[in-house]
Amino acid sequence: MKKIKFKGILRLVVLAVCGGVLGLNIYTANASKLVGDHMPMPFGFGGAVVLSGSMEPALSVGDLIIVSKDKPYSVQDIVVYQQNNTLVVHRVVSIDEETIVTQGDANNVADSAVEKSAVKGTVIAVVPMVGNAVNFIKTPIGTILLVVAAIALVELPHRREKQKDDEERQKIIDEINRLKNM
């Protein structure tokens, strides 16, 4: 009985995770393409993948960063801001009343000043190398593979279980028929 409940719960968890990932992919794609917001921040948090080595050694290419919209930033914090259609992840080197100046840890010169309103948020966590998987899942083939994997993880064990139940039911029916014919 516990094994059956565990499998049912596992199926629900897998479906919830896959549904969440697919929903987030759709939400992010719509925000990016329709509104021009390359880092939507539902509930005040967002995620992005580091695409360049400008922040080495603090951040590496392929790292997943978690960004908080509400965390105030100061000099030395790593922030994300949108410049045209690109997200930039650099360290704050100076702040004045209307702008900030940032610089990548691996860069020799500071960036041009940016309006404070362009800042999406402050990096609060880094998950090394997970960004590569996130980028793959965001591709059409990655999304299709995720859906296929979810269906396989949920449906194949369910079919095996159903087949076993059908076989047991048939054995019982056969036994009942055998007993009737005695």
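This is a predicted model: local features need pLDDT of at least 70, side-chain atom pairs count only at pLDDT 80 or more; totals for chains, interfaces and linings use all residues.
Visitor: What is phi of glutamine 76 like?
Guide: Phi of glutamine 76 is near 85°, which is a positive value in a residue other than glycine. Methionine 129, in the loop between strand S7 (119-127) and H2, likewise has a positive phi, near 65°.
Visitor: OK, new topic: which peptide bond is cis?
Guide: The bond that leads from glutamate 56 to proline 57 is cis, with omega near 5°, and proline 57 belongs to the loop between strand S1 (45-49) and S2.
Visitor: How do H2 and H3 pack?
Guide: Helix H2, residues 130-138, packs against helix H3, residues 140-180, at an angle of about 90°, and their axes are 4 Å apart. The two helices are therefore roughly perpendicular to each other.
Visitor: Which residues make that contact?
Guide: From H2 come Phe136, Ile137 and Lys138, while H3 provides Pro140, Ile141, Gly142, Thr143, Leu145 and Leu146. By type, the residues of this contact are six nonpolar, two polar and one charged.
Visitor: What about the largest nonpolar core?
Guide: That core has 11 residues, among them Met41, Ala48, Leu59, Ile65 and Val123, and the elements that give two or more residues to the core are strand S2 (64-68) and strand S3 (78-83). A second, separate core has eight residues, including Val79, Tyr81, Val114 and Val119.
Visitor: Where is confidence lowest, and where highest?
Guide: In the protein chain, confidence is lowest in helix H1 (residues 2-35), with a mean of 72, and highest in strand S5 (residues 99-103), at 96. The chain as a whole averages a pLDDT of 85, and 91% of the residues score at least 70.
Visitor: Back to H1, then: where does alanine 16 sit, and is that residue buried or exposed?
Guide: Alanine 16 lies in helix H1 and is exposed, with a relative accessible area of 53%. The C-alpha atoms of alanine 16 and alanine 150 are separated by 9.9 Å, although these residues are 134 residues apart along the chain.

How values were computed: Residues are numbered from 1 along each chain as its sequence is written. Side-chain values use heavy atoms; hydrogens and water are left out. Axes are lines fitted to C-alpha atoms, for helices over the stretch in contact, and angles run from 0 to 180 degrees between N-to-C directions. Angles under 35 degrees count as roughly parallel, over 145 as roughly antiparallel, 65 to 115 as roughly perpendicular and the rest as oblique. Contact means heavy atoms within 4.5 Å. Ala, Val, Leu, Ile, Met, Phe, Trp, Tyr, Cys and Pro count as nonpolar, Asp, Glu, Lys and Arg as charged, and the others, Gly among them, as polar. A nonpolar core is a set of buried Ala, Val, Leu, Ile, Met, Phe, Trp, Tyr and Cys residues joined through side-chain atoms within 4.5 Å. Buried means under 20% relative accessible area, exposed over 50%, partly exposed in between (1.4 Å probe, protein chains only). pLDDT is the predictor's confidence in each residue, from 0 to 100.
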